[in-house]
Amino acid sequence: MKNILLVFALLVTTLAAPVLAQDDMMMRWDGADDLDVNPLSCPGADMMEGDGGMMDMPEYDGGQPTDAPDLMGADITLVDIPKLIGIGYFAATTKGQAQAAEELGNVMVTTDAPTEANIDDQITFIENYITRGVDGILFAANDPVAIAPVLTRALEQGIHVVGYDANSEPHAREWFVNQAEFNGIAKGLMDALAEEKGEDASFGIVTSTFTTPNQARWIAEMWAYTNECYPDMTWLETVEAQEDAILSFNQATTLINKYGDDLDALFGMTSVATPQSAEAVTQAGLCGEVAVVGLATPNAMRPYVQAECVKSVVLWNPVDLGYASVYVMRAVVDGELKPGDSSVSAGRLGDLQVVNGSEVLLGPPFVFNIDNVEEFDF
Amino acid sequence: MSGRSEAGVASLQRVTPVRMALILISLVMLIAWAVLPWIHQPELGPTLARVIAAERSANELDIQRQGLSLPPIAALVALGVAFWSVLSPQLSRALALVMLVAGLLGLVYHVTFFVDLAESGRNELLGSMGAGFWLTLVAGVALMAQFALPRKVVPGHEINKVLGHQESVLALGILALVIVVGLLNPRYVADRNISEILQGNAYIAVAAIGVSMVIISGNIDISVGSLIGVLGIISGAMVVAGYPVWLSWLTPLVLGALVGSLIGFLVAWLRIPSIIVTLGMLSILKGGLLIFTNAEWITGMPTEYALSQQKPLGIPMGVYIMLVLTLIAAWWLRNSATGRAIYAVGGNAEAARLSGISERRIIMSVFIINGVFVGIASVMFATQLQVIQATVPPNLELVIITASVVGGVSILGGTGTVIGSTLAAILLNTIRSAMVFINVSPFWLQAVQGVLILATVLVDILRRRRQLT
Amino acid sequence: MNEAGQTRRPGSRFHDLLFSQEGVLLVILVLSVLLLSTRTDVFLTVDNLLNQGRLLTEIGLLALPMTYIIITGGIDLSVGSIFGLSAIMLGHSWQNWGLPLEYAIFVALLTGVLCGLVNGLFIVRVGVPPLIMTLATLALFRGMALGISQGRSARGYPDWFLELGAGEFLGVPNQLWILVLAAVIAAFILARTVFGRSLYAIGNNELGARFSGIPVGRNKLLIYTFSGLMAGLGGYIFVSRVTTTRSDMGTGHELDVIAAVVLGGTSIFGGTGSIAGTMIGVVLIQLLKNGLALTGVTGDATIVVIGTVLIFAILVNNYVQRRRSGESGAGAA
C-alpha cells in the first residue's frame, strides 16, 4: 500500500516536472510541426501579394490513377468524404457540391463521413467506397499522412481523387483545391487584428486541437508573420476546444477571465470557435473591448457582426470550395485538367489558378463585415 | 429511529466533521481575504487598513471596487455559525439555512453595486474578489454538508471525521484549488470566473444526478451524452418552429422520461444488462441525431428561450437549477421510501426482494427519473448559447459518469450521494479553468486532469481504510 | 447443469452448440452476411472480406484481453489511450531519442505493458475499482500522449516497417495472421488452462476464489498488463498501417471494444464469456458497418443499425438461453 503510494507520488512528480518546467514560450504554442513557414511581406511594404513561389512554377507532384476508365462526358458518381459531418462548415461545402452537380447535370455526389473528426473512421469510410466502386473521391483529410495509403489504393483502383480544405501528401491524390494559402490566411488575420486593436495588441487563440493540421499550419504562419511584422504584439496563449460549441465558449470565457484588461483580442481558428468566442465576449459584456477575429461562416457570425461585436471575419467561401472541388473533378475526368496545366475553368468562379504544382487555388480569402454579411447565406 | 436520537445526544459535546470543516473554511477565507490583495498590491498596505480607510472616506463604491467589504462579513458570519453550532448542534441545520439566506442577501447587496459598476468599465468588475460567491459557496457547502452529516457518531480521531465524507473531500478540494489558484492569479476568484466555474458544468451536474441514481441502483447509463444532444436539438427545433417556449422546455423532459422508460423496460423486464442497452442507445441516438438534423446546427432561438443565459440576482440560472435539483434529489434519496429502495436494490437485490421491494418497479422508476434529469440537463445545454450543435460534445457521457463516480457513487451500486456528484462536476470544471489560469502547458492539461481524478479517488480510498481501522 | 445430463436427448450436442451464446450469435452473423450479400455483389468477395480483416485487427486485439477482464468482473476503459500513448512512444523514441526503429517498437510494447501494469497495480494493490481507475488513466494516458508528442506527429517510416500494416502473407493481410494467432492462444488459455478457468472463478465469486487458493491479485495484475501489451501491439500495427503517429489515435476505441465483447456474449457482471464469442462480435460489427456502407447506407444510419443490432442480439440470446435453461430444468436465476 505504502509502496503504491510512493509509486504514485513518483508518477506525479515525473509528470509534474515537465509541466512545471514549461516556460512562457511553451504556453504560446506556435503550431510548430517542423514544416517551413513562409510569411508574406508586411503591409506597407511593397505589395507583392501572391508572390509565394509563383515565379518558378514547380513540377506537378500529384499522383495519377492507374487505368482509369475513360468517362469523358459520361455520368459519374462521386463520393465526398470530409473530415466529419455535423458542423456548419462541411454542410456548406456539401451545398456547394450539390450546386455544381446540378449545373453540370452529369455528376452525382453524396457526402458521407464519420461523426467525429477521426482519421481511423475516415479511412474505413474511404475503404468502403473503394470497394463499392465510385468514379471519384473528394476528401478533406483528418491527417495528411495517415490518409495517404488508402488514397493511393483508390488511385491504384482507377478512381480519381481530388482533395479540398485539408490536403494529403501530394502523391496520394491528383489535385487539391486550396481554399487559401496558409500564409495568406495568417496575414489576413493578423492584419485585421492590427487594424482593429493596433500593432501592440495582445491576444489569445481558441483552436480545435493541437493535432489538426490546417489549424496548426495557420498558427505557425501567424507566429512567423507576427515576428516579422508586428514584433510588439503579445501572444498570450492558445487553448484547445475540439469542434465543440460549449467547450469553445467555456475556453474563450476562461481566457477572458484570466487576462482581463490584458486581453485585446481572441482569435477563433475554426468555424465553431469563432462564433463561440464572440458569444463569450457578448455574454461577458465586453463587446468592443475584446475584439474577435477569426475564420467562420457568415450565418453563424451574422448576429455578432450586426451587433458590431465583431468587426470583420476572414473566410473563403466554403460553398465555393465545395463547388470548385466538383468542377475540378469533372475537369480531371474529362481530361481538361492535366498535369502541367496552369489553370482550370470552374463554372461561375471562372478560371482558377494552379499553384504549388498540383493545387488549384480558390482565390484570395475575403473579409466580410457589417456591410456585406447580409449577402451571404451559408 | 433510536439510533438517530442517540447520535444527537452523543454529538452534543463533539466537534463534528462538518462544523470542523466550516471553521477551517471560514478561517482560510478570512486569512485569504486579509492576505490576498496585500500580496498582489503591497503598495496599498494591509487589507484591513484599506477597508478602514475606504470606510472613513465613506466611498462605498471604492470598497466594492476593491472587493473588500463582503468577504470578512461572510467569513465572520460563517465562523460565528460554526462556533455556535459546536455548542448547540441541534441548531446547526437551521443555522446553515440562515447562512444561506444571509449569503443571498449579501449577494443582492453586492449585485446592486455591480449594476452601477457595469457602467463604469470592466476593470473594476474583474478586480472584485467576488464576495457574493464566496458567501454562497460557503453557505452552499455548509448546507450540503448538513445533509451529508451522518446520524451516527463514529468514534475516533476528530480530524479523521472531517474527511469523513467524499463530499467534504470534494468541497475541500474545490476550496483548496480556488484558494491556491486565487493566490497565484486573483482574477480566478473574480465573480465572473467563479460564476463561469459554477455555471459551466451545471448541466453536467444535473445529468450526473440522474446517472448517480442509476449507478446507485446497480445499473449504468452511457447513453446520456447522446440523449442530451438529441433532446437539446428537439427543444431548439420546436421553439424555432414556433411552439411556445414553455412547451419547448417541457418536451425534452417528457421525451427523456419516455426514452428512460424504454431503457428501464429493456433492463427490468427483458433483463438485458443496462450497459448493453445504453451502449446500443448511444449509437442509435447519435446516428439518429444526425439524420434528424441533417447535420445542421439550430440558430435563431428567441431570447426568452435562453433559460441558461438568464441571471437572476447576477447568478446564472444554471447554478440555481443545479443547487435546487441537487438538494431535492438528495433529500428524496435519503428520506423517501422509493429513494431508500434504490439503495437497497443496488446494495443487495436479493435482500431487497425479500423485504418486499419490487426490483423491476424501482429500476424502471430510476431510469424514468434519470430521463427527466437528462431532459432538464438538455434544456440547460441547449439554452446556453445562441446555437445548438448537431453533434454531441465529445466524451460527454464519460464526463458525466466521471462526475458520478468521483462524487463517491460506487460503481457496484448501493452507495453514494448526489451531492457528491454535483460537487465533483463543479470540481472538474474548477480544474479545467485552473489549468488555464496557472499556465499549465495545454499539452499536459489532460494528463493533469487524470492525475487529479486519481488523487481524489485515492484520498477517498485512504479515508475509508482509515475509518475501518 | 445438474439435471440437464439426464434429460438430454440424442443429438443434443449439435443442439447445445447451436443454442449456445456463440451459436446464436453465429446464426445472426451468417444471416446478416447473407442478407447483405443479396443487396450488393461487392460485399461477399474475398478481397473485401480480407480487407475488412485488416481494418478490424486493432479492435480484435484489444477485445481479447478485454474479454478476460470483463469475465473477472472488471473493465478497462483506458485501452484506447494506451493505444495512442504506445503509438506516440514508438514515433517519439525513434525520431526524438534517435533509437533504431526496432528498439522503438519494443519501447511501444513496453509502454503498453507499463500502462497496463499501472492500472493493474492500483486495482489490485490499492483497491481502486477498475472502472474508476481506468477512467482516470483514460485521461492520464491520453494526456501523456499529447504532452510527450507536443501535438506533433512522427512520420516518414521506412518501407520494411510499413510491411506489417500494408503487406500480406499467403494472400492474407499480415496483421490478420497476428490476430488469428493471438485469438487462438487467448482462447486456449481461457478455456484449457488453470489460469483461464480461474478468471471465471474470480468473476463468479471473487472472495470464494480467494479462499479456494486462487492467486486472485496476481491473475488480475496479469490480465490488465496483458491488456496494456495488446494495446501496445495494436498501436504498433496501426502506426504501421497508417504510416504516421498522432496523439489522438485510438480515441473512442474503448467503447467499440466493449460493444464487441458484450455482443459476443460475455456478461458485463463477470463469470461468463468466451474468446470465440468475442471474435464473432468483432467480426459482426465490422461486417455490418462495411456491408451497410456498401449497400448505400450512410454512416449516421449505420451506427443506428449497429446500436439496434446490439440490443436485439442480446435480446434474442437472452430469450434463447432462458428457454434453454427452462427446457433443461434449471430455473432462471
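This is a predicted model: local features need pLDDT of at least 70, side-chain atom pairs count only at pLDDT 80 or more; totals for chains, interfaces and linings use all residues.
Let me begin with chain A, where the domain assignment, whose bounds come from an automatic or database source, gives domain 1 (28–47 + 181–315) and domain 2 (76–179 + 317–363). Residues are numbered from 1 along each chain as its sequence is written, while chains are lettered from A and ligands numbered from 1 in the order in which they are written.

Staying with those two domains, the C-alpha centres of domain 1 of chain A and domain 2 of chain A are 28 Å apart. Ten residues from domain 1 of chain A and eleven residues from domain 2 of chain A make up the contact between them, where two residues are in contact if their C-beta atoms, placed from the backbone, lie within 7 Å. On the domain 1 side, the elements giving two or more residues are helix 7 (213–229) and helix 10 (298–306) of chain A; helices here are DSSP runs of H or I with at least four residues, strands are runs of E with at least two, and both are numbered from the N terminus. That side of domain 1 divides into four nonpolar, four polar and two charged residues, counting Ala, Val, Leu, Ile, Met, Phe, Trp, Tyr, Cys and Pro as nonpolar, Asp, Glu, Lys and Arg as charged, and the others, Gly among them, as polar.

Now to the interface between chains B and C, which takes 36 residues from chain B and 36 residues from chain C. On the chain B side, helix 15 (274–293), helix 20 (396–406) and helix 22 (445–468) each give two or more residues, and helix 15 of chain B gives the most, with 14 residues.

Which of the residues in helix 20 of chain B are buried? Among them are B:Leu396, B:Glu397, B:Ile400 and B:Val406, a residue being buried if 20 or more other C-beta atoms, placed from the backbone, lie within 10 Å of its own, exposed if 12 or fewer, and partly exposed in between. Ten of the eleven residues of helix 20 of chain B are buried, so this helix is largely enclosed by the rest of the structure. Just after helix 20 of chain B, B:Gly408 takes a positive phi of about 100°.

Leaving aside neighbours within four places in sequence, A:Ile137 is in contact with several residues, including A:Val79, A:Tyr129 and A:Val161.

Finally, chain C has 15 helices and four strands. Of its 333 residues, 56% are buried, and its C-alpha trace spans about 70 × 55 × 35 Å along the principal axes. As for confidence, chain C averages a pLDDT of 85, with 94% of the residues scoring at least 70, on the predictor's scale from 0 to 100 for each residue. The predictor gives the complex an ipTM of 0.79 and a pTM of 0.77.
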